[in-house]
Amino acid sequence: MATTNKSIDVASARFRSTVFPATVKANGTSIPIFGLAFDAGTDEAAFFAFRATGYGSGNLTLTIHWYADTATTNSVVWGASIGAITAGTDTTDVEAKSLATENTTTTAARTSAQALQTTDITISNLDSIANGDLLLLRLRRVGSNGSDTMSGDAIAVALTLSYSDS
């Protein structure tokens with residue numbers, strides 16, 4: 001088996017009506033940078049929908065490419081959860097679909113503000129995912145659990161989902 005790496009554009013995020021990250025664009029010196037700014041101390045979430053094309057088996061790994069807007073100390077807690085829907089088979093109401101239990105990872109801020117870093121979350125609560133399923137992904141900064149101690153925004157600029165293919 002090989003590994004499938006699926007790039008997820010943060011600009012494709014969907015949001016609930018309350019408690020969501022701000023979309024930000026920094027002009028940068030040479031190129032504009034777009035991202036989702038997750039606040040400190042708040043549980044903000046972004047949602048993504050796509051097909052699990054070529055999924056074979058095993059856990060998923062979500063890699064978050066992000067930077068701290070101003071902070072150079074302490075840690076961020078990221079969380080990810082999925083819901084999988086098999087078209088033509090599942091009888092679950094799409095609008096009432098629940099997500100599997102969230103997996104979380106804590107990452108220390110870099111000592112230089114705005115330096116890009118990555119965080120990997122192993123998603124082991126798979127909601128019976130199968131090849132070709134519609135996959136609903138929630139990404140959130142778990143800001144109110146006490147372990148997230150980094151002040152300021154954590155800005156997600158890209159996501160990559162990896163899994164073993166069929």
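In this predicted model, the 10 positive and 15 negative charges of the protein have mean positions 3 Å apart. The protein holds 10 strands and 0 helices. The structure also holds 5 salt bridges. The points below start with the overall form and then turn to single residues.

**Overall form**

- Along the sequence, the pattern reads β-β-β-β-β-β-β-β-β-β.
- The radius of gyration is 16 Å, close to the 15 Å that the globule rule gives for 166 residues, so the protein is as compact as a globular protein of that length.
- Taken along the principal axes, the C-alpha atoms fill a box of roughly 45 × 35 × 25 Å.
- Of the 166 residues, 40% count as buried.
- The accessible surface comes to about 8,200 Å². Carbon and sulfur atoms account for 46% of that surface.
- Take the contacts between residues at least 6 apart in sequence: 81% of them join residues at least 24 apart.

**Salt bridge between Lys97 and Asp127**

- Side chains of opposite charge can pair when their charged atoms come close.
- Lys97 forms a salt bridge with Asp127, and the closest N and O atoms are 2.8 Å apart.
- This pair links distant parts of the chain, 30 residues apart. Lys97 sits in the loop between strand 6 (75–85) and strand 7 (103–108). Asp127 sits in the loop between strand 8 (117–123) and strand 9 (134–142).
- Asp127 has 26% relative accessibility, so Asp127 counts as partly exposed.

**Salt bridge between Glu102 and Arg140**

- Glu102 forms a salt bridge with Arg140, with 2.7 Å between the closest N and O atoms.
- This pair also links distant parts of the chain, 38 residues apart. Glu102 lies in the loop between strand 6 and strand 7, and Arg140 lies in strand 9.
- Glu102 has a relative accessible area of 19%, so Glu102 is buried. The cut-off for buried is under 20%.
- Arg140 is buried too, because its relative accessible area is 16%.
- Glu102 and Arg140 belong to a network of salt bridges that also links Asp43 and Arg138.

**Salt bridge between Asp148 and Arg141**

- The side chains of Asp148 and Arg141 meet in a salt bridge, at 2.8 Å from N to O.
- Asp148 is buried, with a relative accessible area of 9%.
- Arg141 has 0% relative accessibility and counts as buried.

**Positive phi angles**

- Most residues other than glycine have a negative phi.
- Asn74 is not a glycine, yet has a positive phi of about 75°. Asn74 is found in the loop between strand 5 (55–68) and strand 6.
- Asn74 counts as partly exposed, because its relative accessibility is 42%.
- Gln114 is not a glycine either, and has a positive phi of about 65°. Gln114 is found in the loop between strand 7 and strand 8.
- Gln114 has a relative accessible area of 51%, so Gln114 is exposed. The cut-off for exposed is over 50%.

- Thr106 is found in strand 7.
- Thr106 is partly exposed, with a relative accessible area of 47%.
- Not counting residues up to four places away in sequence, Thr106 touches Ser75, Val76 and Val77.
- Thr106 and Phe15 are 91 residues apart along the chain. The C-alpha atoms of Thr106 and Phe15 are separated by 23 Å.

**Asp153 and its contacts**

- Asp153 has its place in the loop between strand 9 and strand 10 (154–165).
- Leaving aside neighbours within four places in sequence, Asp153 is in contact with Ala37, Phe38, Asp39, Tyr67, Ala68, Asp69 and Arg141.
- One of these, Arg141, is the salt-bridge partner of Asp148.
- Asp153 and Ile31 are 122 residues apart along the chain, and their C-alpha atoms are separated by 20 Å.

Key:
Residues are numbered from 1 along each chain as its sequence is written. This is a predicted model: local features need pLDDT of at least 70, side-chain atom pairs count only at pLDDT 80 or more; totals for chains, interfaces and linings use all residues. Side-chain values use heavy atoms; hydrogens and water are left out. Helices (H or I, at least four residues) and strands (E, at least two) are DSSP runs, numbered from the N terminus. The radius of gyration is taken over C-alpha atoms; the globule rule is 2.2 Å times the number of residues to the power 0.38. Buried means under 20% relative accessible area, exposed over 50%, partly exposed in between (1.4 Å probe, protein chains only). Contact means heavy atoms within 4.5 Å. Accessible areas come from the Shrake-Rupley method with a 1.4 Å probe; for residues, only the protein chains shown count as cover. Lys and Arg count as positive and Asp and Glu as negative; His and the chain ends are not counted. The place of a charge is taken as NZ of Lys, CZ of Arg, CG of Asp or CD of Glu. A salt bridge is a side-chain nitrogen of Lys or Arg within 4 Å of a carboxyl oxygen of Asp or Glu.
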